[in-house]
Amino acid sequence: MLISDYLGVLVLFFLGLLVGVGALAAARFLGASRFYPNKNSPYECGIPSEGAENQRFSVKFYLVAVSFILFDIEAVFLIPWAMTFHPLLEAKEGLYFLTVGFVFLFVLTLGLIYEWRKGLLDWNV
Amino acid sequence: MNETMIAWAFFAGKILLLFGLAFGFIAPIMVWVERRVCALIQDRYGPNRVGPLGLLQTLADGIKLLLKEDLRPNEVRPWFFILAPIICVIPATMAFAVIPFGPPTTLGGLFAEPKRLQIAELNAGFLYVLAIGSLGVYSIALAGWASNNKFSVLGSLRASAQMISYELAAGLALVSVVLLSGSVDLVKIVESQTYLWNIFPGFLAFLIFLPAIFAETNRTPFDLPEAEAELVVGYHTEYSGMKFGLFFLAEYVNMTTVSALAVLMFFGGWEFLPFLPWKDVGVDVNGLIPLFGGFSLPAVIIPFSWFAAKVAFFMFLFVWVRWTVPRFRYDQLMSLGWKTLIPLGIFNIILTTAVIVFHRMS
Amino acid sequence: MEIQQILFFSFAALILLSAALVALRPRPIESAMWLILNFFLTAGLYILLGSNFVSIIQVLVYAGAIMVLFVFVILLLNLDPREFGSEAGLPWTSLVMFIGFLTFIVLSLHVATPELMKKLPEIKETGAGVFGSIESISMVLLKNYVWGFEIAGVILLLALIGVGLLAYRKPPVRARAIHTSTTDTMKDGGAS
Amino acid sequence: MMSVPISYLLFLSFGVFCFGACGFLIRKNALSLLICLELMLSGVNIAFVSFSRLHQNEAGNILYFLVITVAACESAVGLALILNFFRIKKNIRLEEANALEG
């Protein structure tokens, strides 16, 4: 039975939800309430908030995220490849396996080299 | 009791054991261990007043967190601010569904055939842990965005960029484990290293994996997002009371999960010693250990305890490193991830295939 | 009704609900959060369909990578409402929703034929394992669809180059010499 | 296992796709637009995986992999375009993307 294997995942999801919501609800009911307005001011090391609140950040972070998703998908494709290693080696098709995988890894490496040469990986320029 | 009842009881028992251990035992004990070890390294006493050796300190802290006022600063985005800590706990809880904590066993003859000590037997194995682990980024990103504070946003951007970079490195290291073991199923991976632990052919992979798990759990030397000297405490600057407590709890649960993953992937899981598995020592995992008074325990408790000891060692390593290794600078962190670990990961995959093919040919 | 049918209908209802919320919530972050939920529910649907590996990849890639990128950009731009622009007016919205509904009806009528109303067959073993398992999908991918496998790598490389050309700006010389902060804003530090 | 007809799955797929398409047409900010595009691709994926299940053939599942590859590339390049648009216009309102208007 396939679906029952996932029952544990579902149970754990609800347990996690229970812990999260339960702890916050308990804190809400049990917690002290000695409120004064300054408690709710944004944290700024004690001084009033300065500067633009919605400042923009470096586009470098975006480049990191893009590199991550593209390489992540390549890693996801490498896992099926790695899974077939032993069966294909048994079937005496090791050469085919190596060619396919190394071409893919070569393309992956080209991407990495491109990023490196272009300076996308240098953080602090 | 008929068979279905036993099966359900077994299922519930597995969940209760892991869930109880992670939230009720490991996380509180680790908080205490962390403070005591820190004190030991810094030549202080550490918490020693509440209970024997200060062991009840965590309980006291928990009660304190519960009794704190539930603050919600004016500038925050209301729903997402509460959502972030909840999202943080859920993946941490879900991630250990596929972690096996002992060999498949009949529990001393209770079952006709060996059953796995694993909450969910998924086909995709450790990929599930990676998938669920990658969701931790959301809680951090949301926490920063919802706080609407410049320290929080910068801290969460840093934390998420760091987590995703090192997740990639960990993924590449694990591809070579799949090459070595020929499976993604954690039980099969452990069975494939009965004699030869993956740490020997996959030492390079482990060298990539270790910093990656440190960075993924945002622990020193990679705790840049929290860098209290420059960013207050990063993404949870605005969080206090129990909301902060949930982030804190999830960090320790995540540490447990990744430590267990490292043990299962590279250190033979519950096996005794490299080249010397339990069955060569004479321990039958399906047998019983007689105790006094006619009682007996399933022998699977021995490999389980051994596995727990290995995980505990890794947890200790986390604490030890935290108080001895200085923090990286952010550009060093990024260049370690992208310019060292990831090229090394690709090289390692090629090396591993070459080693296995060479081994087969000879 | 069997348990699988109940599960299917509840998943389907939730998927449609979250899809509607993705399309209609005003702020991008809300759309993104509902879309993440939608992807999770879709992963659940794939489990019901027996495609285990696909469901894990759905969570790993869609929810864990692609949506992270969206959330990242939302975080990075940190927009306030006037930068989103106004929403479309009610006439246009209702017209579009009406046409969308008509399209849905037409498409649905097209597949509501008796031979497509038969129940799905039982899951079988394929050559290399149960249908939808990682073993089976890997084997077929590597054996029969190896060009797809290679071309996926090339597409990703091209996307990487595209993003490199679009988003990367050479840092100003001033920044390279003295300034080592990571908080250069896009307004002055990023653009040259 | 799953005792529903293929047409129900296709209804679901069409539903998700149509919601995505409607969202694509009514939204006026570029980020929501891309999010709706992802929703459309997700609707297509449901159809692929369902057909794969119908014919007990892995081809649909493999097509799913290629679709997510394309979806990732599309969102990466699309978001890079949005960032560039933002750099020039200081907002992401699509009404302002009118430089080509005659």
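A: Happy to. A word on terms to begin with: helices are DSSP runs of H or I with at least four residues, numbered from the N terminus. With that in hand, H2(D) is followed by D:Gln56, whose phi is positive, near 50 degrees. Keep in mind that this is a predicted model.

Q: How far apart are the end C-alpha atoms of H2(D)?

A: They are 38 Å apart. Helix H2 of chain D covers residues 30-55, and at 1.5 Å a residue its 26 residues should span 38 Å, so the two values agree.

Q: And how many residues of H2(D) are buried?

A: 20 of the 26, so H2(D) is largely enclosed by the rest of the structure.

Q: What about helix H3 of chain D, what should it span?

A: Helix H3 of chain D takes in residues 59-89, and its 31 residues should span 45 Å at 1.5 Å a residue. The end C-alpha atoms are 44 Å apart, which agrees.

Q: Zooming out, which elements does chain D have?

A: Chain D has three helices and zero strands, and they run α-α-α from the N terminus on.

Q: What is the radius of gyration of chain D?

A: It is 17 Å, while a compact globule of 102 residues would be near 13 Å. Along the principal axes, the C-alpha atoms of chain D fill a box of roughly 55 × 25 × 25 Å. Of its 102 residues, 60% count as buried. Among the contacts in chain D with a separation of 6 or more, 50% join residues 24 or more positions apart.

Q: Now chain C. How many helices and strands?

A: Eight helices and two strands. The order from the N terminus is α-α-α-α-β-β-α-α-α-α. Chain C has 192 residues, 44% of them buried. For contacts in chain C with a separation of 6 or more, the share from residues 24 or more positions apart is 42%.

Q: How many residues do chain C and chain D bring to their contact?

A: Chain C gives 80 residues and chain D gives 64. On the chain C side, the helices that each supply at least two residues are H1 (3-24), H2 (28-48), H3 (52-77), H4 (90-111), H5 (134-143) and H6 (146-167). By class, that side of chain C has 55 nonpolar, 18 polar and seven charged residues.

Q: You mentioned H6(C). At what angle does it pack with H4 of chain A?

A: At about 0 degrees, with the axes of H6(C) and helix H4 (residues 94-118) of chain A 9 Å apart. Angles under 35 degrees count as roughly parallel, so H4(A) is roughly parallel to H6(C). Residues making this contact include A:Val100, A:Phe104 and A:Tyr114 of H4(A), and C:Phe149, C:Leu157 and C:Gly164 of H6(C). By class, the residues of the contact divide into 14 nonpolar, three polar and three charged.

Q: Switching to chain B: is B:Ser160 buried or exposed?

A: B:Ser160 is buried, because 27 other C-beta atoms lie within 10 Å, and 20 or more is the cut-off. It is found in helix H6 (residues 150-181) of chain B.

Q: What does B:Ser160 touch?

A: Leaving out residues up to four places away in sequence, B:Ser160 touches B:Val137, B:Ile140, B:Ala141 and C:Phe72.

Q: And where is B:Thr324?

A: B:Thr324 is found in the loop between helix H12 (301-322) and helix H13 (330-361) of chain B. It is exposed, with 10 other C-beta atoms within 10 Å. The C-alpha atoms of B:Thr324 and B:Cys38 are separated by 9.1 Å, although the two are 286 residues apart along the chain. Between B:Ser160 and B:Thr324, 164 residues apart along the chain, the C-alpha separation is 25 Å.

Q: One more topic: what is the phi of B:Asp43, and of B:Phe275?

A: For B:Asp43 phi is near 60 degrees, a positive value in a residue other than glycine. B:Phe275 also has a positive phi, near 70 degrees. B:Asp43 is in the loop between helix H1 (3-41) and helix H2 (57-67) of chain B, and it is exposed, with 6 other C-beta atoms within 10 Å. B:Phe275 lies in the loop between helix H10 (241-266) and helix H11 (278-281) of chain B, and counts as partly exposed with 13 C-beta neighbours inside 10 Å.

Note on methods: Residues numbered from 1 in each chain as written. Chains lettered and ligands numbered in written order. Predicted model: local features only at pLDDT ≥ 70, side-chain atom pairs only at ≥ 80, totals over all residues. Buried ≥ 20, exposed ≤ 12 C-beta atoms within 10 Å, placed from the backbone. Contact = placed C-beta atoms within 7 Å. Rg over C-alpha atoms; globule rule 2.2 N^0.38 Å. Nonpolar A, V, L, I, M, F, W, Y, C, P; charged D, E, K, R; others polar. Expected span 1.5 Å × (residues − 1). Axes fitted to C-alpha atoms, helices over the stretch in contact; angles between N-to-C directions. Parallel < 35°, antiparallel > 145°, perpendicular 65-115°, else oblique.
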